[in-house]
Amino acid sequence: MVTDEETGAEMATSAFGPLVVPVDMAKAKVTRLLVPGDELQFTFDLGDNWTHRCVVGDEKIDPIEVLGIRPDSPLPYWGRGEIPDQYGRGWADDDGESRAPIAPTQPHPMRLDAWPPPDKVPALDLDEVRRTIAAADATGFLTAVAGREVDDVLHDVAQGLAMALEQRRKDAEPIALSVINRLTWRGAADDRALADDLVARLRRGPRQSE
């Protein structure tokens, strides 16, 4: 989730879906987050939910040749959809005479607020999560749970968060809030006590040395 710091912190507390670890868009670099062929969702204006499906090209382009400029930030160089097309095309191969292709029978997952789809969410390696907890490796732990579905292993994740809050409080706080919300919503045995423990750790504030 790449967005402004305030919005990212709010979205990261969601009780549903993969754990969101927000990235500040003022500091994000495309080459550090994406590789050729990656697909992402871009929402312009969260109020209107103007959603774009974006794909990172498989080949590098010369921006001067294709765009006529060298942009300072990520810039799309081809697309179609509701944004008016320069040549009035309604689909990728619209030549003005061909019949429009048959519309898909199912909307794209991005239009159903179901992004990323389950088959695109990387699997959580529980052994890795437990190894990082045993090693008190907060950085490794946060990496192991970022973007993963954790609802089946909330107690393991909560244990790791107790350690991560001590070492990397700012990065661990949004994940801790999300896990608290998930535990509260699920309400299974021991969930309330575990959620209360995480809340207490958050209220203690950072250590004096931080």
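This is a predicted model: local features need pLDDT of at least 70, side-chain atom pairs count only at pLDDT 80 or more; totals for chains, interfaces and linings use all residues.
## The α4 and α5 pair

Let's start with helix α4, which covers residues 126-134, and helix α5, which covers residues 138-145. Their axes lie 8 Å apart and the packing angle is about 160 degrees. Because angles over 145 degrees count as roughly antiparallel, that is how α4 stands to α5. The crossing of this pair is left-handed.

On the α4 side, the contact is made by Glu-128, Val-129, Thr-132 and Ile-133. Facing them from α5 are Gly-140, Phe-141, Ala-144 and Val-145. Sorted by class, the contact of α4 with α5 holds five nonpolar, two polar and one charged residues.

## From α5 to α6

The class count for α5 with α6 is eight nonpolar and two polar residues, with no charged ones.

## The α6 and α8 pair

The axes of α6 and α8 are 11 Å apart, and these helices pack at an angle of about 15 degrees. Since angles under 35 degrees count as roughly parallel, α6 is described as roughly parallel to α8. Their crossing is left-handed.

In α6, the residues in contact are Leu-154, His-155, Ala-158, Leu-161, Ala-162 and Leu-165. They meet Asp-191, Leu-194, Leu-198, Arg-201 and Leu-202 in α8. By class, eight nonpolar, one polar and two charged residues make up the contact of α6 with α8.

## The largest nonpolar core

The largest nonpolar core has 26 residues. The residues with the most contacts inside this core are Phe-141, Val-145, Val-157, Leu-161, Ile-175, Val-179 and Leu-198. At least two core residues come from each of α4, α5, α6 (154-167), α7 (169-186) and α8 (191-204). The top contributor is α6, with seven residues.

Several of these names have already come up.

Leaving aside neighbours within four places in sequence, Leu-198 is in contact with Ala-158, Leu-161, Leu-165, Ala-176, Val-179, Ile-180 and Leu-183.

## Two loop residues with positive phi

Most residues other than glycine have a negative phi. Ala-136 sits in the loop between α4 and α5, and its phi is near 55 degrees, a positive value in a residue other than glycine. Its relative accessible area is 38%, so Ala-136 is partly exposed.

Asp-190 is located in the loop between α7 and α8. Although not a glycine, Asp-190 has a positive phi of about 75 degrees. With a relative accessible area of 58%, Asp-190 is exposed, because the cut-off for exposed is over 50%.

Notes: Residues are numbered from 1 along each chain as its sequence is written. Side-chain values use heavy atoms; hydrogens and water are left out. Axes are lines fitted to C-alpha atoms, for helices over the stretch in contact, and angles run from 0 to 180 degrees between N-to-C directions. Helices (H or I, at least four residues) and strands (E, at least two) are DSSP runs, numbered from the N terminus. Angles under 35 degrees count as roughly parallel, over 145 as roughly antiparallel, 65 to 115 as roughly perpendicular and the rest as oblique. A crossing is left-handed if the near helix is turned anticlockwise from the far one by less than a right angle, and right-handed if clockwise. Contact means heavy atoms within 4.5 Å. Ala, Val, Leu, Ile, Met, Phe, Trp, Tyr, Cys and Pro count as nonpolar, Asp, Glu, Lys and Arg as charged, and the others, Gly among them, as polar. A nonpolar core is a set of buried Ala, Val, Leu, Ile, Met, Phe, Trp, Tyr and Cys residues joined through side-chain atoms within 4.5 Å. Buried means under 20% relative accessible area, exposed over 50%, partly exposed in between (1.4 Å probe, protein chains only).
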